[in-house]
2 protein chains.
Amino acid sequence: MTYCVGIRLNAGLVFLSDSRTNAGLDAISTFRKMIVYEQPGERFMVLMSAGNLSISQSVREILQVEKLANGDEEPITIWNAKSMFEATRVLGSAVRRVYDQDGPSLKAAGIDFNCSMIFGGQIGNEAMRLFLVYSAGNFIEATRETCFFQIGESKYGKPILDRVLTPGTPLDEAAKCALVSMDSTLKSNLSVGLPLDLMVYEKDSLQSNRIAVIDDHNPYFRMIHNTWGQRLREVFEGIDDPHWGGGDAVHPLLTPSHRYEPMRKIQGPDEKIV
Amino acid sequence: MTYCVGIRLNAGLVFLSDSRTNAGLDAISTFRKMIVYEQPGERFMVLMSAGNLSISQSVREILQVEKLANGDEEPITIWNAKSMFEATRVLGSAVRRVYDQDGPSLKAAGIDFNCSMIFGGQIGNEAMRLFLVYSAGNFIEATRETCFFQIGESKYGKPILDRVLTPGTPLDEAAKCALVSMDSTLKSNLSVGLPLDLMVYEKDSLQSNRIAVIDDHNPYFRMIHNTWGQRLREVFEGIDDPHWGGGDAVHPLLTPSHRYEPMRKIQGPDEKIV
């Protein structure tokens, strides 16, 4: 499994990936899932991948040389694409090429052609863009309303992203949010693991060196891990327990529902279930 | 979808279920998923179900009359079973009977025989017990190390259960924890919905009237919903953002990893991916 999250903010982009790959619980390895394509001052792109590792490694390899026909003009590659949309079309094409090469054999072996990717960045004067690419090579783009994408084991870490992120969130706060989201995922799913790759990109810089590789000795991630769990329990303890007594509670639990009757009790073998 | 959680504590049992059922996003209905079987002073059992509604309704109906052969003795039913283990065997048998009746036709229609159930309670002088029953009618039991079971959409709400629950947790605190877990699930998955059924059972009481049906006007659940989200954001804001500068940070983010190199950057079309 895998967990990656990509965030598009007004201030820039944030990418975070884990690095665990497993084929069964007894075959666990470390593979980095993030790769950066950068021509400083001209283009900056980040790719993160989830799914079958043989597929995503092949896609990365082919993406370097993939060309999209462009009429009489020079074919489009990720290195000359004029927009992130064009570059993402090149990525979709690379995914389809791997499907053509490997799809039939995988199908014959009963294996899904399973891969999904987050691809984002900025090219020239265009705005920053962030895409989610599916295994059919089609893709969707993040918008103001939905400013992040997750791939892999997304559920454990989604509530904090839902609660915190807006396009106006500052870059470092979004990086912290991604790390908290990753921490919850690491705690609940063994198939997501350290080290993490974190990349933060500032709008219009067209390059970035805000890269961190985070292992279990990283002081900041350890602080998040310890603090978040501890504070969560404190907040939990600070909320009133439900009160089953009469009507003197500030927030009574036992209030008649305006629409629903209490749940049925069945009190013996002869009673009918209705 | 569905979300139900059952918890076994030293002090008693807690059961919480949602009530949304959907066949596609355009066919959403409300069905209660919890049912209580009670002979005061003798036995107290709670069943919660997830999966295909036609299967779980049939199981509930058949469970009332299901009999397990018992040699020369009277056949075992949930109403005369001498232990929760026996009663759960009766439930497993009811599941298998529905499989015999409906399984082949469901298979022909390409529909999985999909149902899972949480069944817990106390009979006579036996200790309280809590079981998770699978669609093959087999089951597992909660232990001190794993004191809760979830069925349905379990992932969003699992982190808070993992962080808070132990066998020593008091009953009302566990009920609060289940409600916080449900709140996170409701926020992230449309196919889980109100009203909720909450049942709290106190050890050795062999009956319970601590039943609440919770809809969106319930003051306690509204308080949890508002407080938890708000406090979570406060805790989040109270944690330091990462610091990209030099080594003066208290918890430096940029620390050399002892095992891993920084992620690769590819800087042009001729560079090889390795």
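The structure holds 1 cavity of 30 Å³ or more, a cavity being a set of points on a 1 Å grid over the protein atoms alone where a 1.4 Å probe fits but cannot get out. This is a predicted model, in which local features need pLDDT of at least 70 and side-chain atom pairs count only at pLDDT 80 or more, while totals for chains, interfaces and linings use all residues. Residues are numbered from 1 along each chain as its sequence is written, chains are lettered from A and ligands numbered from 1 in the order in which they are written, and side-chain values use heavy atoms, with hydrogens and water left out.

The largest cavity has a volume of about 200 Å³, where volume is the space filled by probe spheres set on the points, and grid points are joined across faces, edges and corners. It is lined by 16 residues, of which A:Pro159, A:Ser184, A:Leu232, B:Pro159 and B:Leu232 are the closest to its centre; a lining residue has an atom within 4 Å of a point. At least two lining residues come from each of helix 3 (158-164), helix 4 (171-188) and helix 5 of chain A, and likewise from helix 3 (158-164) and helix 5 of chain B. Helices (H or I, at least four residues) and strands (E, at least two) are DSSP runs, numbered from the N terminus. By class, this lining has 10 nonpolar, 4 polar and 2 charged residues. Here Ala, Val, Leu, Ile, Met, Phe, Trp, Tyr, Cys and Pro count as nonpolar, Asp, Glu, Lys and Arg as charged, and the others, Gly among them, as polar.

How are the two chains related? Chain B is superposed on chain A by a rotation of 180° with 0.0 Å of shift along its axis, at an RMSD of 0.1 Å. That is the relation of a two-fold axis. Among the residues of chain B, B:Tyr156 comes closest to the rotation axis, with its C-alpha at 2.5 Å. Both copies use the same surface, as 100% of the contact residues of chain B recur in chain A; contact means heavy atoms within 4.5 Å.

Now look at helix 5 (residues 219-238) of each chain. The two helices pack at an angle of about 145°, with their axes 10 Å apart. Axes are lines fitted to C-alpha atoms over the stretch in contact, and angles run from 0 to 180 degrees between N-to-C directions. From chain A the contact takes A:Trp228, A:Arg231, A:Leu232, A:Val235, A:Phe236 and A:Gly238, and from chain B it takes B:Trp228, B:Arg231, B:Leu232, B:Val235, B:Phe236 and B:Gly238.

Finally, some backbone details. Most residues other than glycine have a negative phi, and most peptide bonds are trans. A cis peptide bond joins A:Leu194 and A:Pro195, with omega about 0°, and A:Pro195 sits in the loop between helix 4 and strand 11 (196-202) of chain A. In chain B, a cis peptide bond links B:Leu194 and B:Pro195, again with omega about 0°. A:Leu206, in the loop between strand 11 and strand 12 (210-214) of chain A, has a positive phi near 55°.

Terms used
Copies are superposed by least squares on the C-alpha atoms of residues with pLDDT of at least 70 in both. On a 1 Å grid over the protein atoms alone, a cavity is a set of points where a 1.4 Å probe fits but cannot get out, and a pocket is an open set with protein on both sides within 12 Å along at least five of seven lines; lining residues have an atom within 4 Å of a point.
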